[in-house]
Amino acid sequence: MNDPVKRLKHGFAMPAIGLGTWQMGGRETRNPADNGDRSVQALMEGLRMGYTHIDTAEMYAGGFAEEIVGRAIADFRRDRIFLTTKVWKTHLKYDEVLRAAEGSLKRLGTDYVDLYLIHQVNDEVPLEETMRAMNRLQSEGVVRNIGVSNFSVERLKRAQAYSETPIAANQVHYNLKVREAECSGMLEYCQENDLMLIAWRPLQKGGMLGDEMPKILLDLAADYGKTPSEIALSWLLMQKNVVTIPMSQNPRHLKRNLEAASWSMSQEDFLRLKKEYPFQLSVSDALPLA
Ligand SMILES: NC(=O)c1ccc[n+]([C@@H]2O[C@H](COP(=O)([O-])OP(=O)(O)OC[C@H]3O[C@@H](n4cnc5c(N)ncnc54)[C@H](OP(=O)(O)O)[C@@H]3O)[C@@H](O)[C@H]2O)c1
């Protein structure tokens with residue numbers, strides 16, 4: 001049985017499964033033809049069925065995704081929701097981080113986020129400067145925990161060295177097919193150093209979605225009476241310190257994805273999938289760690 005909440009030794013805890021929001025309301029910029037209603041409804045439906053964790057970012061749909069999240073959470077108890085957002089890589093100077101956080105809180109309609117992540121690396125700004133701003137936001141209580149995303153082990157170690165408080169998480173591309181987290185040593189580093197690894201894009205197209213699903217996934221889904229997506233999510237959640245954030249706007253998918261947090265396959269099948277899943281990639285095909 002997978003644990004619906006994952007905890008670190010230093011006290012940080014977060015729900016094992018969350019709702020992603022990439023492509024809600026647009027991609028890098030807002031889609032003018034999308035008023036956000038469908039996404040708001042999907043997120044509210046998710047919250048009603050038991051999700052307690054939403055992942056967003058200031059970059060998503062040029063800030064509109066955060067507005068969508070703000071509309072969706074408005075009628076729910078804030079203290080029952082774990083909210084993550086991220087500062088974009090063009091806002092990593094000290095004052096920019098502070099301003100970015102203020103903008104995110106405004107769009108989200110809240111006075112704090114549970115986790116604030118540096119979305120992607122930017123070598124033009126010293127990491128030390130960005131970490132100082134992250135620490136300030138945390139000391140002011142507007143962000144409860146801080147973390148990073150798409151960081152390599154080496155850069156994560158530097159972020160830890162600059163930070164006055166623990167880095168709670170690194171959010172990285174990880175699923176049955178994309179194994180950079182394993183091959184780079186990131187997963188092991190997180191497990192041994194008390195960090196959460198948040199797996200983004202857990203349901204990769206051309207692998208766990210679409211027409212090209214491998215036989216091993218279809219066979220296991222049939223054996224357990226689960227969907228291939230549930231197998232893929234449960235496989236992630238069976239691992240120490242791993243949580244994940246699938247995105248869906250389909251109530252049926254939302255329900256099945258949530259159920260993946262309360263079920264697990266045998267250790268033997270877990271290991272077979274780990275080893276035998278075909279066409280594994282040792283580096284992300286979307287955004288390698290840097
Ligand atoms: N930190 C980063 O750099 C970074 C990068 C990318 C993503 N992320 C975060 O990670 C989240 C997840 O990644 P993602 O959205 O790229 O990919 P994903 O969650 O792996 O896949 C989303 C796609 O899967 C479909 N889907 C979801 N559940 C399904 C199910 N049970 N059966 C069949 N199809 C299903 C969705 O369509 P339906 O709506 O039809 O269900 C959607 O098209 C993002 O939304 C975002 O919050 C972070």
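User: In what order do the strands of the open sheet stand, and how are they paired?

Analyst: Strands of a sheet pair through backbone hydrogen bonds, in either a parallel or an antiparallel manner. Here 7 strands form an open sheet in the order E3-E4-E5-E6-E7-E8-E9, with parallel pairing. Strand E3 (53-55) and strand E9 (242-244) each have a single partner strand and stand at the edges, so one side of each lacks a neighbour in the sheet. From one strand to the next, the twist averages 25°. Please note that this is a predicted model, in which local features need pLDDT of at least 70 and side-chain atom pairs count only at pLDDT 80 or more, while totals for chains, interfaces and linings use all residues. Residues are numbered from 1 along each chain as its sequence is written.

User: What do the labels E and H stand for, and when do two strands pair?

Analyst: Helices (H or I, at least four residues) and strands (E, at least two) are DSSP runs numbered from the N terminus. Two strands pair if DSSP finds at least two bridges between them. Strand E7 (residues 167-173) and strand E8 (residues 196-200) pair in the parallel sense over 5 bridges, and Val172 stands opposite Ala199 in E8.

User: At what angle do helix H3 and helix H4 pack?

Analyst: Axes are lines fitted to C-alpha atoms, for helices over the stretch in contact, and angles run from 0 to 180 degrees between N-to-C directions. Helix H3 (residues 94-108) and helix H4 (residues 127-139) pack at about 40°, with their axes 8 Å apart. H3 is therefore oblique to H4; angles under 35 degrees count as roughly parallel, over 145 as roughly antiparallel, 65 to 115 as roughly perpendicular and the rest as oblique.

User: Which residues of H3 and H4 meet?

Analyst: Two residues are in contact if their C-beta atoms, placed from the backbone, lie within 7 Å. Tyr94, Val97, Leu98 and Ala101 in H3 meet several residues of H4, among them Ala133, Met134 and Leu137. H3 also lies across strand E4 (82-87) and strand E5 (115-118), and runs at about 140° to E4.

User: How do helix H1 and helix H2 pack?

Analyst: Helix H1 (residues 37-49) packs with helix H2 (residues 64-73) at an angle of about 45°, and their axes are 9 Å apart. This makes H1 oblique to H2. The contact includes Val40 and Leu43 of H1 and Ile68 and Val69 of H2.

User: Which residues come nearest to the ligand?

Analyst: A residue is near a molecule if its C-beta atom, placed from the backbone, lies within 6 Å of it. Of the 25 residues around the ligand, Gly20, Trp22, Leu203, Met247 and Ser248 come nearest. Helix H10 (residues 251-259) gives the largest share of this shell, 3 residues.
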